[in-house]
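User: I have a protein model to read and would like to go through it by question and answer. Can we start from the structure itself?

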Amino acid sequence: MTKEFTQVVRDPSTILIVLVLPLILLFLFGYAVSLDASRTRVAVVLEDSSEPALSLAMAYQNSPYFDVTMARSLKPVRNMMIDGEARAILVIPQGFGQGVKKGQIPPIQIITDGSQPNTANFTTAYGNGVLNNWAASRQLEAPRGQATSQPLQISTRYWYNPALKSQFFLVPGSIAIVMAMIGTLLTALVVAREWERGTMESLMATPMQMSEFIASKVIPYFLLGLGSMAICSLTAVFIFGVPFRGSIFALLVLSSAYLMPSLGMGLFISAATKNQFVASQIALLSSFLPSFLLSGFLFEISSMPLPIQFITNAVPARYLIPSLQTVFLAGDFWSLFLPNILIMLAFGIGFFLLSFRTTHRSLD
């Protein structure tokens, strides 16, 4: 174990994996990945010059969700949709003001870019929302097919994430993705490095047992993994502003449980391949892609086909991401944590048993 710690200090690549790579990945996920539809580029076509039409157009222009370009006819903004300069066109038709004077709002036309379905759905919902809020402020009846303004005052409250910032649940989820890569990469190279450098023969000549050999390879990188998790958590709280409502103890237990399958899988890959390059490639593919695509980080597992949902049960990150999001945004809920911790520990035990079976005191 002392030798392994000395190797870590002397090897700059390990320091890069532990300290630099997590920060780079976390900043990429935190700033590049966003599900917020704020400041969506839209064009508002104002075909009516009445005061109500101008008032509604100003409501769209003042909305924090839209970056509005005003036009008087539909023809000049068609090319904006084709060129991607606008994701939607909102048409306020002629006669809009006359309908308002009668106490009812004529329907407006919302044309969206169907090549991006999520943005199209968001834009339609926000466009209707601005219209309904404007109708409620003027105590008017909304058009047929859209929500009718109610005489009641409805106060909406969002628990745990009042601002609905996607960054608040994406950053804790990205920590799980980062730790899956880091944990697997750290141990994916250790046994393969011994084989490539010819030092495995010297280790086999000692009276050390295989359990001691595995422990000496895992414990240093387990501590490094906890340090990397601490760096990611501090970055999430103090740089990205993610609230931390749980306890450090819960975060420590969840991190320790998750490092077991990550380190175990890396050790198994390293012992099976005996080649650092091959081990690193397999570690990246087997840790990053399943964790990113099948853990519920970006895509809801319940919306996946049933065979894929069944496969997601074999992805350890699936059990850490909801726990991390809960400990950051909601607090300590051990009824959620404990089953996930037990499942992650079971994965870890399975990988370590495979590592024991793969690591032999033999040169074959």
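User: Which strands stand at the edges of the open sheet of 4 strands?
Analyst: This is a predicted model. The sheet is open, has mixed pairing and runs in the order β2-β1-β3-β4. A strand with a single partner has one side left without a neighbour in the sheet, so the edges are β2 (66-71) and β4 (109-112).

User: What angle does the direction of helix α4 make with that of β3?
Analyst: Within the sheet, neighbouring strands are turned by 20° against each other on average, direction ignored. Helix α4 (residues 75-82) packs on this sheet and touches β1 (40-46), β2, β3 and β4. Its direction makes with that of β3 an angle of about 160°.

User: Is Val-171 buried or exposed?
Analyst: Val-171 is found in helix α7, residues 167-188. Buried means under 20% relative accessible area. Val-171 has a relative accessibility of 0%, so it counts as buried.

User: What distance separates the C-alpha atoms of Val-171 and Leu-26?
Analyst: Leaving aside neighbours within four places in sequence, Val-171 is in contact with Leu-26, Gly-30, Ala-236, Phe-240 and Val-242. Val-171 and Leu-26 are 145 residues apart along the chain, and their C-alpha atoms are separated by 7.3 Å.

How values were computed: Residues are numbered from 1 along each chain as its sequence is written. This is a predicted model: local features need pLDDT of at least 70, side-chain atom pairs count only at pLDDT 80 or more; totals for chains, interfaces and linings use all residues. Side-chain values use heavy atoms; hydrogens and water are left out. Two strands pair if DSSP finds at least two bridges between them. Helices (H or I, at least four residues) and strands (E, at least two) are DSSP runs, numbered from the N terminus. Axes are lines fitted to C-alpha atoms, for helices over the stretch in contact, and angles run from 0 to 180 degrees between N-to-C directions. Contact means heavy atoms within 4.5 Å. Buried means under 20% relative accessible area, exposed over 50%, partly exposed in between (1.4 Å probe, protein chains only).
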